[in-house]
Amino acid sequence: MKDAPASPASGALPTVLVLGMGDTGILTAGRLSRHCRVIAVTTKPLLVSGQELGLRLTGHAQWRRDYLTPLDRYRRLSRVEIIHGKAIRVDPVARTAALELAGGEHCSLHWDYLVIASGVSNGFWRDDRLETHQLIESRLNAQIEAVTAASSVAVVGGGPSGVSAAYNLKRAYPNKEVTLFFSAHELLPGYPKNTQHYHQKLLARQGVVLHGGHRAVVSSDAVTSRLQGGRLEFEAGQPSFQAELIIWAAGRLKPHTDFLPKDMLDAAGFVRTDAHLNVEGYARIFAIGDVAATDPLRCSARNWAYKVLCRNLRARVLQRPMPARFNPPSHRWGSIVGPQPTGLRLHGPTGKSRALPRWLVHWLLYPLVVRGFIYGGVRSSRKMSVTQDSK
């Protein structure tokens, strides 16, 4: 293992290490790079977003354009040192992180401040495996082939991923038998009643068969992380169900926190944070996104929480009181089924919704608001430049 670099000299920019480069990690690293030296560690050399599962399985070209992006295309990451690897241990006292690199080597990095944005595993589409661009493309193509070949699909889970997958599959393949099983009696737990009822009717009109109150028996995490057919059994003893393809979207989240000290974590393994997104008991460590136990819905992956974290970390560097607090909404909100041929419907935290026409989504929302304003610009070149060492 390589020795950790010495701490920065007085007057030098503080080093911030960001672990995880999903949507939230990218936004945080880019914003912090204005004021700090930022090093980011990522298991994937490009953003493989966990958003819009239904489009990932059915509208592959559209999903790739908006949610599969090489990291060197983000303009705000130009000042960020990106390492293709994963953290295997963090020492908060020495302020070091031990990394496994994509090529199999190991190294150690020194940091002044740490941001944990390592995310969670969920089903087959979110994980922390070290993968190359080529392997990611191969897996995506295999998933599309599995969906195309199946004549019957069972989707397990009534959250946004399950609803999105079921709706988009039935819309794209009207002749497939698509059945959605969910454990509660209402879809979309955590969303307002109006949003729940809207999507229950939407799925039924599309032809998705709904089975509420069906909690599937899960034999192992390995089963839920693959796309394959099989037979579903249910805890309450309802009749079993056979499908050529089963999509597990039941919210069995596994936080990527094995590399952290146990006293940073709650009973479920998520990182304990306060209202400033500061890890409890660690002044120099912050956490954000699905891995952070900010609230029951862990919604700092959304709701502009990266701005809160960046303001507070900057204040901590300047030895000032942290000015911003993350106040999670009482209900989840946003798009559920993603962009459709007719446009995009956004659902607010109070249950009200608004339909955006397709032209507005295609020409304004994604290119100008999302890629331009929120992410700070995305280059058209696909040239890769992610490093595989710590230099």
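The expected span of a helix is 1.5 Å times one less than its number of residues. The legends below describe a predicted model, in which local features need pLDDT of at least 70, side-chain atom pairs count only at pLDDT 80 or more, and totals for chains, interfaces and linings use all residues. Residues are numbered from 1 along each chain as its sequence is written, and side-chain values use heavy atoms, leaving out hydrogens and water.

**View 1. Helix α8 and its surroundings.** Helices (H or I, at least four residues) and strands (E, at least two) are DSSP runs, numbered from the N terminus. With 13 residues, α8 reaches 19 Å from its first C-alpha to its last, close to the 18 Å expected at 1.5 Å a residue. Its buried residues (under 20% relative accessible area, 1.4 Å probe, protein chains only) include Y306, L309, C310 and L313. The buried residues of α8 pack against β1, α1, β8, β17 and α9, contact meaning heavy atoms within 4.5 Å. Q319, with a positive phi near 60°, follows the helix.

**View 2. Contact of α1 with α8.** The axes of α1 (residues 23-32) and α8 (residues 305-317) come within 9 Å and cross at roughly 35°; axes are lines fitted to C-alpha atoms over the stretch in contact, with angles from 0 to 180 degrees between N-to-C directions. L27, T28, R31 and L32 of α1 meet Y306, K307, L309, C310 and L313 of α8.

View 3. The structure holds 0 disulfides, a disulfide being a pair of cysteine sulfur atoms within 2.5 Å. C310 is in none, and the nearest cysteine sulfur, in C36, is 8.7 Å away.

Note on methods: Buried means under 20% relative accessible area, exposed over 50%, partly exposed in between (1.4 Å probe, protein chains only).
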